[in-house]
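The entries follow in the order I checked them.

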Amino acid sequence: MKLALFDLDNTLLSGDSDFEWAQFLIGKGVLDREVHEARNLEFFEQYKAGTLDIHVFLDFQLAPLSRHARSELDAWHEEFLATRIRPQISAAARALVAKHAAAGDLLAIVTATNSFVTGPIAREFGIPHLIATIPAQENGRFTGQPRGTPSFREGKISRVEAWLESLGLWLGSFEQSWFYSDSHNDLPLLEKVTHPVAVDADATLAQAAAQRGWPQISLRV
């Protein structure tokens, strides 16, 4: 049995779905450009620098979901997927996922971005399992708060372990395991698998991968 885990933003995608979702809402006039664009860029730079407070960020990221009906959000997401996300999916990224699927590997996306944004993207790739930050809901409406442990840094490990436990498995169940990521924020989970792979890596991850002899690949459009 083999396991293939994929980070999403700047790994399978040539951009960041979290950032793009906020920019999409700004472009539609749903969010105020002057207020939200600067804050969105600020959080994005904090993520890249490794200084992001995930809980402060989630307050910002999830709040717009709570202000709109699910039907309206779903309609916006269809447009978002078509106009912002599909153009960021390369043939190389689709081929990598297809290779692991054809081998019969257990596949999952493991992302800090919330599951409302990333669920349809996982389905676009044909990846059956999604481990993402969960936006809480009550009576079909989002509350603006996360539920459970955010899927970020070490949180990705605990969420992957809980998911595998729900299947009666653990990381040691797998003869081989892969995790593909672009970010130094994912070093904790990269160190847990038998085949860590740096994908279009940031400078910190590229340096760590070179020091440890990890393969480095590109999936860019």
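Is Phe 60 buried or exposed? I looked it up in the model, which is predicted. Phe 60 is buried, at a relative accessible area of 16%; the cut-off for buried is under 20%.

**Rings**

I searched for aromatic pairs and found that the structure holds 11. One of them joins Phe 57 and Phe 60, with 6.5 Å between the centres and 40 degrees between the planes, so I logged the pair as tilted. Both residues sit in helix H4 (residues 54-66), 3 residues apart, which puts about one helical turn between them. Phe 57 is buried too, with a relative accessible area of 9%.

I then noted one aromatic cluster made up of Trp 21, Phe 24, Phe 80, Phe 116 and Phe 142. I also recorded a charge over a ring: Arg 94 lies over the face of Phe 125, 5.9 Å from the ring centre.

**Strands**

I turned next to strand S3 (residues 129-138) and strand S4 (residues 141-147), which pair in the antiparallel sense over 4 bridges. Phe 142, a member of the aromatic cluster, is in S4 and has Gln 137 standing opposite. The two strands S3 and S4 make a hairpin with 2 residues between them. In the turn, Asn 139 has a positive phi of about 55 degrees.

**Salt bridges**

How many salt bridges does a search of the whole structure find? I got 12.

I looked at Glu 79 and Lys 28, whose side chains meet in a salt bridge at 3.1 Å, N to O. This pair links distant parts of the chain, 51 residues apart: Glu 79 is in helix H5 (residues 70-85), and Lys 28 is in the loop between helix H2 (17-27) and helix H3 (33-49). I have Glu 79 as partly exposed at 35% relative accessibility and Lys 28 as partly exposed at 37%.

Asp 74 and Arg 70 form a salt bridge, with the closest N and O atoms 3.0 Å apart. Both lie in helix H5, 4 residues apart, about one turn of the helix. Asp 74 is partly exposed at 34%, and Arg 70 is partly exposed at 31%.

The side chains of Glu 124 and Arg 86 meet at 3.2 Å, N to O, in a salt bridge. Glu 124 is in helix H7 (residues 115-125) and Arg 86 is in the loop between H5 and helix H6 (91-102), 38 residues apart. My last entry is a network: salt bridges with shared partners join Asp 7, Lys 156 and Asp 186.

Methods:
Residues numbered from 1 in each chain as written. Predicted model: local features only at pLDDT ≥ 70, side-chain atom pairs only at ≥ 80, totals over all residues. Heavy atoms only, no water. Phe/Tyr/Trp six-rings, centres within 6.5 Å; stacked < 30°, edge-to-face > 60°. Buried < 20%, exposed > 50% of the residue type's maximum accessible area, 1.4 Å probe, protein only. Lys NZ or Arg CZ within 6 Å of the ring centre and 35° of its normal. Pairing = 2+ DSSP bridges. Salt bridge = Lys/Arg side-chain N within 4 Å of Asp/Glu carboxyl O.
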